[in-house]
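Reader: Please take one part of this model and look at it closely. Then show me what lies around it and beyond.

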Amino acid sequence: MNLSEYDIAVIGLGPGGFTAAVRAVQLGAKVAVIEKFFTGGTCLNCGCIPTKFLWQSLKTKQKIQKSYEYGFKVVLEPVIFADIIAKKDRNIANIRKGMEMILSSHKVDVINGTALFKDKNTLVVLSNERGAVSKDVICEVFADKIIIASGTKPSIIKGSVFDGNKVISSTEALNLKKIPKNMLIIGGGAIGIEMATIFSGFGCQITLSEYENCLLPNEDKEISEEIRKNLLRQGVNVLTSCANALDNADKYEKVLIVTGRTPNNDLGLENIGIKTAKKGFIETNEFCQTNIENIYAVGDVAGKNLLAYTAQNEGALTAENVVKGNFIAADNFIVPQAVFAMPQSASVKVLDFSKYKDAVFGKFPFTASGRAFIEGERTGFVKCAVDKTTKRPLAFWIVGAHSDELINTASQILKSGMEYISRETMFHPSLSESLLNAYEDALGKCTELVKNKD
């Protein structure tokens with residue numbers, strides 16, 4: 001049996017595994033990565049990147065349709081959706097190639113196959129045949145430390161099954177070559193909203209169904225309601241408190257189920273006694289360490305935040321901990337989130353936000369922003385929560401164009417512990433000023449808004 005020895009073995013080449021592998025090599029370790037499918041994981045191949053590409057395609061279409069507002073006369077030819085998908089695939093292939101070049105430059109050994117634990121230091125790698133795991137052993141990998149970054153897969157709901165044709169997951173949806181006549185989307189979280197936005201924008205009749213009484217149940221209710229209104233304006237039929245979404249599934253050409261993710265934990269964890277939580281996510285401590293001392297887990301498979309950028313952060317700090325010994329704890333105090341509806345929405349708040357009982361709120365609409373007027377993007381607002389006593393900003397919620405970029409600035413404001421936001425730090429005219437204006441409105445001193453009637 002071919003046995004290769006390494007300092008660190010990483011399972012999975014998504015954002016968490018990729019970052020962990022590269023950082024570990026930078027720190028002097030000899031590293032191997034076992035990847036079942038493609039470099040980039042869900043984020044690159046069937047998640048963040050393809051979704052945002054299709055959203056950007058829709059946004060470009062809408063900009064062309066509104067170009068008359070800037071004096072241009074343009075006739076938009078019928079959209080050929082297969083061409084958009086082909087361009088999306090080329091972009092993903094180019095990004096993947098870039099990631100593979102980075103791995104090669106750092107001399108990370110990449111092994112294509114499925115990893116299974118033989119013991120706490122040894123992984124058996126099985127070959128994949130057309131996506132199915134075979135019993136053929138490629139090699140065994142021995143490592144002092146192992147980092148699990150195997151990610152997640154779409155969850156199915158009781159009474160249904162993904163058939164890849166009528167009942168599909170987000171993976172199949174992102175590879176459709178033509179727009180369906182109609183589609184039922186089950187799940188009103190971020191993925192469901194983004195899919196509803198994209199496919200309705202390209203002409204599909206969408207019904208979006210959510211079990212809870214509002215979209216994005218864990219989000220600020222005002223943001224959730226604004227997204228619902230915008231979807232309705234776009235022609236999406238939005239159903240909430242819907243417990244029987246599948247009852248009328250027969251009348252839809254496609255049924256897209258996006259009700260959550262489940263961990264890729266079929267790694268032989270039981271062979272070595274790695275503890276998992278009730279839903280199968282791997283349990284880890286603040287250092288991303290499992291109950292087996294030399295084994296760590298990062299990203300979605302650990303279930304803390306199912307986000308590409310938190311996976312990257314965990315991958316980097318885990319590499320440091322594995323090489324140097326545990327000394328960096330995962331910091332999830334400030335984690336921004338964005339939803340690519342039309343327009344986008346985003347939010348960020350301090351982790352202990354609920355403990356602040358004297359928070360005051362301010363709101364600044366983009367209809368009062370000079371930059372929003374220039375760009376023709378007047379839909380939406382910025383909302384800010386401020387500690388009434390200390391004047392410290394605690395949270396931001398944004399609905400509107402570029403909110404996915406604005407939230408990064410908001411995150412840094414919160415992360416820095418800034419006691420107040422000052423006007424001279426904001427360029428004019430910019431949408432970023434809206435963060436300041438919402439903050440000032442919370443304190444009753446915004447000069448950019450009409451005075452409310454007493």
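Author: Start with Asn45. It touches Phe38, Thr39, Gly40, Pro50, Ile92 and Arg96, leaving out residues up to four places away in sequence. Contact here means heavy atoms within 4.5 Å. The model is predicted, so local features need pLDDT of at least 70 and side-chain atom pairs count only at pLDDT 80 or more, while totals for chains, interfaces and linings use all residues. Residues are numbered from 1 along each chain as its sequence is written, and side-chain values use heavy atoms, with hydrogens and water left out.

Where does Asn45 sit? It lies in helix α2. Helices (H or I, at least four residues) and strands (E, at least two) are DSSP runs, numbered from the N terminus. Asn45 has a relative accessible area of 16%, so it is buried. Buried means under 20% relative accessible area, exposed means over 50%, and partly exposed is in between, with a 1.4 Å probe and protein chains only.

The side chain of Asn45 has polar partners. One is the backbone oxygen of Gly41, which lies 2.9 Å from a polar atom of that side chain. The side chain of Arg96 is joined to that of Asn45 by a polar contact of 2.6 Å. A polar contact is a pair of N or O atoms within 3.5 Å; within protein, one must be able to donate a hydrogen and the other to accept it, and residues adjacent in sequence count only if both atoms are side-chain atoms.

Compare another asparagine, Asn294. Its place is in the loop between β13 (261-263) and β14 (295-297). Asn294 is buried too, at 7% relative accessibility. Its side chain reaches the backbone oxygen of Asp144 at 3.1 Å. Asp144 is also among the residues that Asn294 touches, along with Lys120, Asn121, Ala143, Lys145 and Ile146, not counting residues up to four places away in sequence.

Now go back to Pro50, a contact of Asn45. Pro50 is one of the buried residues of α3; the others include Phe53, Leu54, Trp55 and Leu58. What covers the buried residues of α3 includes α2 (41-46), α4 (81-105) and α6. Helix α3 has 18 residues and reaches 26 Å from its first C-alpha to its last, close to the 26 Å expected. The expected span is 1.5 Å times one less than the number of residues.

Lys52 pairs with Glu194, with the closest N and O atoms 3.5 Å apart. Lys52 is in α3 (residues 48-65) and Glu194 is in α6, so this pair links distant parts of the chain, 142 residues apart. A salt bridge is a side-chain nitrogen of Lys or Arg within 4 Å of a carboxyl oxygen of Asp or Glu. Lys52 is partly exposed at 25%, whereas Glu194 is buried at 7%.

Which residues of α7 are buried? They are Ile223, Ser224, Glu226, Ile227, Asn230 and Leu231. They cover an arc of only 165° around the axis, which puts them on the same side of α7. That arc is taken from the directions from the helix axis to the C-beta atoms.

Look at the ends of α7 (residues 221-233). At its start, a side-chain oxygen of Asp220 comes within 3.1 Å of the backbone nitrogen of Glu222. After α7 comes Gly235, whose phi is positive, near 95°.

Glu222 also meets Lys383 in a salt bridge, at 3.1 Å from N to O. Lys383 lies in strand β18 and Glu222 in helix α7, so the pair ties together parts that are 161 residues apart in sequence. Lys383 counts as buried at 11%; Glu222 counts as partly exposed at 29%.

One more pair stays within a helix. Arg371 and Glu375 meet in a salt bridge of 3.1 Å, N to O. Both lie in helix α9 (residues 370-375), four residues apart, about one turn of the helix. Elsewhere, salt bridges that share partners join Asp220, Glu222, Lys363 and Lys383 into one network. A search of the whole structure finds 14 salt bridges.
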